[in-house]
Amino acid sequence: MSINYIDINSRALNILMSVKKHTSSIENNLKVLLELRVSQINGCAYCIDLHSNEARKLNEPQQRLDCLSVWKESGLFSDSEMVALSWAESVTNISTETNIDDKLEKLLMHYNETEAVDITLIISLMNCMNRMAISFGDKPEIRSR
């Protein structure tokens, strides 16, 4: 079952999605990696498909996309990217996070406060959109090979 939540309340969703325009301190490749990782954690097939395609359009190497779910072990991500991905996991799993202050301290070693807020907005918005897509039955369209 699905509900076309975009048509039902497009005004609110457009306002919500406009937040992304105000996170300009973060480069697009990092944004899409964060969105993809959050979507992997939340199990949102629609968003994983969407952000994987966006990443490829930004020339993100396929190997990094393939290994994003195991970023800690892959050796394919920079220190600053790994700190941002760790932060994404902590914010996404906030109800079970026990070291948020330590993670924030590490984040601020690589990003200034504006960037930290923008990263957190990207993560929070993605969590919200995952919940909308999963709750109302969004599924990726089958693409031709």
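**Entry 1: the model**

I am working from a predicted model, so I start there, since side-chain atom pairs count only at pLDDT 80 or more.

**Entry 2: α2 against α9**

I looked up how helix α2, residues 10-17, sits against helix α9, residues 113-135. The two pack at an angle of about 150 degrees, and their axes are 11 Å apart. Angles over 145 degrees count as roughly antiparallel, so I can call α2 and α9 roughly antiparallel to each other.

Which residues make the contact? On the α2 side I find L13, L16 and M17. From α9 come L125, C128, M129 and M132. I then sorted this contact by class: seven residues are nonpolar, with no polar and no charged ones.

How many salt bridges does the structure hold? I get seven, and I followed up on a few of them.

My first stop was K20 and E35, whose side chains meet in a salt bridge at 2.8 Å, N to O. K20 lies in the loop between α2 and α3, while E35 is in helix α3 (28-42), so the pair ties together parts that are 15 residues apart in sequence.

E35 has 5%, so I note E35 as buried.

**Entry 3: R64 and E60**

Next I checked R64, which forms a salt bridge with E60. The closest N and O atoms of this pair are 2.3 Å apart. Buried means under 20% relative accessible area. R64 is at 13% and so counts as buried; E60, at 6%, is buried as well.

Then I turned to K72 and found a salt bridge with E89, the closest N and O atoms being 3.7 Å apart. Where do the two partners sit? K72 is in helix α6, residues 71-74, and E89 is in helix α7, residues 79-92.

K72 has a relative accessible area of 53%, so I put K72 down as exposed. E89 has 14% and is therefore buried.

One more note on this pair: K72 and E89 belong to a network that also takes in R37, joined by salt bridges that share partners.

Terms used. Residues numbered from 1 in each chain as written. Predicted model: local features only at pLDDT ≥ 70, side-chain atom pairs only at ≥ 80, totals over all residues. Heavy atoms only, no water. Axes fitted to C-alpha atoms, helices over the stretch in contact; angles between N-to-C directions. Helix = DSSP H or I, 4+ residues; strand = E, 2+ residues; numbered from the N terminus. Parallel < 35°, antiparallel > 145°, perpendicular 65-115°, else oblique. Contact = heavy atoms within 4.5 Å. Nonpolar A, V, L, I, M, F, W, Y, C, P; charged D, E, K, R; others polar. Salt bridge = Lys/Arg side-chain N within 4 Å of Asp/Glu carboxyl O. Buried < 20%, exposed > 50% of the residue type's maximum accessible area, 1.4 Å probe, protein only.
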